[in-house]
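Here is a short briefing on one helix and a few backbone details. Have the sequence and the 3D view open as you read.

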Amino acid sequence: MDITTTAEKIRAGERRALARAITLVESTRESDRALAAELLGAVGTDRQALRIGLSGTPGVGKSTFIESFGKMLTGQGLRVAVLAVDPSSTRSGGSILGDKTRMDLLSRDPNAFIRPSPSQSQLGGVARRTREAIALCEAADFDVVLIETVGVGQSETAVAEMSDLFLLLLAPAGGDELQGVKRGIMETCDIILVNKADGDLKAQATRTCADYAGALRLMRKRPQDPDDFPKAVAVSALQEDGITAAWDEMKALVDWRKEHGVWDARRTDQARFWFQEEVRAGLLARLTSDDAVKTQLAALEQDVASGKLRAAQAAEDLISQLFPATR
């Protein structure tokens with residue numbers, strides 16, 4: 001891959017070059033990692049998109065919402081990129097990557113780009129290189145980047161550290177006030193969207209929306225929010241009802257954060273967070289690739305498996321051997 005040419009094509013908005021670049025940054029090969037770093041430096045950081053994270057349980061309608069929401073945005077002349085993270089099998093390591101098939105209309109829109117990616121071994125609902133894929137989409141001059149998580153539940157908070165807005169999709173009758181005040185994902189979301197507010201479920205959706213709105217008022221006030229946020233909004237992705245109103249709420253929150261300096265401060269904090277994550281991951285990769293460390297690991301693993309050592313004590317012994325305390 002010619003880095004300079006590829007970077008120019010990405011900045012010109014060529015979709016094939018963007019797809020190849022995302023494949024490169026997702027690669028775990030050491031030679032590809034060096035090329036990926038060079039490419040990310042070449043595309044620059046002068047362009048910024050609105051990054052929107054989206055999470056919710058399986059079957060809540062995330063893909064349907066993204067298609068309706070994306071079509072609404074492209075209809076307003078905006079360019080939309082969708083990064084859909086699909087869970088990887090713990091047995092085979094493979095992923096179905098089927099989210100794109102649910103977005104038939106949006107995938108054919110010339111102003112939209114959809115990229116499914118496997119989560120691999122990364123926890124938190126996103127892939128390890130999703131943040132770098134976002135940077136490439138911004139370089140390709142997309143206005144909005146949507147990050148769809150794998151959709152497990154309350155532990156998917158990593159996407160909040162790479163997005164400007166974090167949306168949580170819920171189904172009607174998905175919980176009461178007590179469910180709403182549980183910590184975790186509820187503390188990190190900016191807007192709750194109660195989906196499937198149509199047909200026989202409309203009344204239940206309205207009730208669920210009211211329950212969660214009440215629960216949000218019981219939570220501690222966050223400095224990055226105006227007085228009426230976070231909030232709950234009822235939508236119907238199938239009938240495309242409430243989508244425009246939800247977009248208006250998002251824009252109002254973004255405008256307030258930019259006006260009060262929250263936007264830039266948040267992105268600065270996110271950059272620090274991912275720097276620390278990359279250091280942790282890099283150190284672990286270096287340690288586990290060292291032959292001497294592998295030998296120590298194997299010996300300690302055997303002691304743990306046989307019951308001679310507890311896991312915590314074995315880990316402490318290994319760390320003490322690698323990093324002896326200075327006197």
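A residue counts as buried when its relative accessible area is under 20%, as exposed when over 50%, and as partly exposed in between. The model is predicted.

**Helix α6**
- Helix α6 spans residues 130-139 and is mostly covered.
- Eight of its ten residues are buried.
- The buried set is Thr 130, Glu 132, Ala 133, Ile 134, Leu 136, Cys 137, Glu 138 and Ala 139.
- Just after α6 comes Asp 141, with a positive phi of about 70°.

**Backbone background**
- Most residues other than glycine have a negative phi, and most peptide bonds are trans.

**Positive phi in loops**
- Lys 196 is not a glycine, yet its phi is positive, near 65°.
- Lys 196 sits in the loop between β6 (191-194) and α9.
- Lys 196 has a relative accessible area of 30%, so it counts as partly exposed.
- Glu 240 also is not a glycine, and its phi is positive at about 55°.
- The loop between β7 and α10 (243-259) holds Glu 240.
- Relative accessibility of Glu 240 is 45%, so this residue too is partly exposed.

**A cis peptide bond**
- The bond from Phe 229 to Pro 230 is cis. Its omega is near -5°.
- Pro 230 belongs to the loop between α9 (202-217) and β7 (231-234).

Technical notes:
Residues are numbered from 1 along each chain as its sequence is written. This is a predicted model: local features need pLDDT of at least 70, side-chain atom pairs count only at pLDDT 80 or more; totals for chains, interfaces and linings use all residues. Side-chain values use heavy atoms; hydrogens and water are left out. Buried means under 20% relative accessible area, exposed over 50%, partly exposed in between (1.4 Å probe, protein chains only). Helices (H or I, at least four residues) and strands (E, at least two) are DSSP runs, numbered from the N terminus.
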